[in-house]
Amino acid sequence: MSLGQRVSNDRQLTRLLQIGVVLEEVVESRAAHHLETLPPDERDAVDGEVETLLVDAAEESADHRERLEALIDDLEAETVSYEEINTLVDAQYGPPEDTDGVLYDQLANEETAYKFYDDLIAAIDASETEFAVDRGRLLDTLTTIREEEKEGAEEVTEIMERRA
Amino acid sequence: MNTADQYLKAIYLAQRIEEGPASTGTLADLLEVSPASVNEMVGKLEDRELVEHEKYKGATLTDEGLERAHNALQTYCIIERFLTNVLEVDEFREEARALESVIDDTVAERLDTIIDRPAQCPDCFDAEQDHCELLESGDHAK
């Protein structure tokens with residue numbers, strides 16, 4: 001058991017970045033599923049704002065995934081493909097009942113991703129390990145992604161408040 | 001998972017292994033820390049009414065401590081199963097131990113949306129083997 005929040009070697013860092021990729025793939029896949037599986041009357045009610053939010057979220061996750069994959073490449077490891085994660089999401093997916101459910105799920109996605117990157121940055125900061133990937137580039141990438149997750153959560157919250 | 005939750009999980013597992021209060025020595029072995037560190041943390045958990053400690057016997061979880069330990073073990077099971085089923089990691093026990101302090105329970109909940117976890121989880125966790133008794137290395141989803 002490892003007490004204390006720190007990343008102490010390349011393997012651990014690689015695993016955490018791979019988990020980040022999977023989280024992004026889950027966001028991307030769930031956003032696509034939400035749009036496809038809402039009942040027709042609910043789908044009609046999904047206004048442009050929510051639809052744009054889901055499309056943007058999927059695009060942003062794909063972009064985050066690519067940035068994480070570039071770091072993982074430098075660590076000479078592989079990632080799980082989007083198609084594989086999409087299949088796993090599909091197997092367990094239970095669609096939200098309505099548009100509010102979609103928004104709550106989207107908020108949970110953004111907040112979870114923010115928490116993940118925040119903890120990961122703290123764990124890298126707490127470590128003095130010299131990683132195979134440049135520490136400055138690693139932290140810059142993760143900090144940028146974390147900020148975008150924060151903005152994403154704020155965007156969802158604003159839409160929810162307007163709809164309330 | 002924070003340090004307090006890791007301790008609560010260890011106390012829960014030690015109670016199962018010892019079929020009674022968790023001794024300081026067993027906790028020190030499970031957590032790979034010194035007995036002095038265990039005693040200090042158990043004291044803090046006792047102050048928070050998560051644990052009851054009886055001298056020369058050991059630590060026992062209160063109802064609130066048990067609930068938190070149960071949740072922490074479930075988070076740990078999700079990490080182990082995710083490593084095995086999704087990332088296809090053979091040494092999932094070692095890696096789960098190394099990662100658990102960095103993976104928050106909200107993150108584990110998201111990972112849980114793509115894994116197939118038994119309904120009885122975490123009761124099927126084998127405390128001595130340190131993994132779910134229904135999970136085998138090489139038990140990949142694909």
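Which helix of chain B does B:G65 lie in? B:G65 sits in helix 4 (residues 63-85) of chain B; helices here are DSSP runs of H or I with at least four residues, numbered from the N terminus.

A word on the model: it is predicted, so local features need pLDDT of at least 70 and side-chain atom pairs count only at pLDDT 80 or more, while totals for chains, interfaces and linings use all residues. Residues are numbered from 1 along each chain as its sequence is written, with chains lettered from A and ligands numbered from 1 in the order in which they are written.

Back to B:G65. The residue counts as buried because it has 23 C-beta neighbours inside 10 Å; the cut-off for buried is 20 or more other C-beta atoms within 10 Å, with C-beta atoms placed from the backbone. B:E95 is 30 residues away from B:G65 in sequence and 26 Å away in space, C-alpha to C-alpha.

| Residue | Contacts, leaving aside neighbours within four places in sequence |
|---|---|
| B:G65 | B:L8, B:L45, B:L50 and B:V51 |
| B:A10 | B:L27, B:L30 and B:L31 |

B:A10 also turns up in the largest nonpolar core, which has 76 residues; B:A10 is among those with the most contacts inside it, as are A:L16 and B:I79. Such a core is a set of buried Ala, Val, Leu, Ile, Met, Phe, Trp, Tyr and Cys residues joined through C-beta atoms within 7 Å. Helix 1 (residues 10-37) of chain A supplies the largest share of this core, 10 residues.

Definitions and conventions
Buried ≥ 20, exposed ≤ 12 C-beta atoms within 10 Å, placed from the backbone. Helix = DSSP H or I, 4+ residues; strand = E, 2+ residues; numbered from the N terminus. Contact = placed C-beta atoms within 7 Å.
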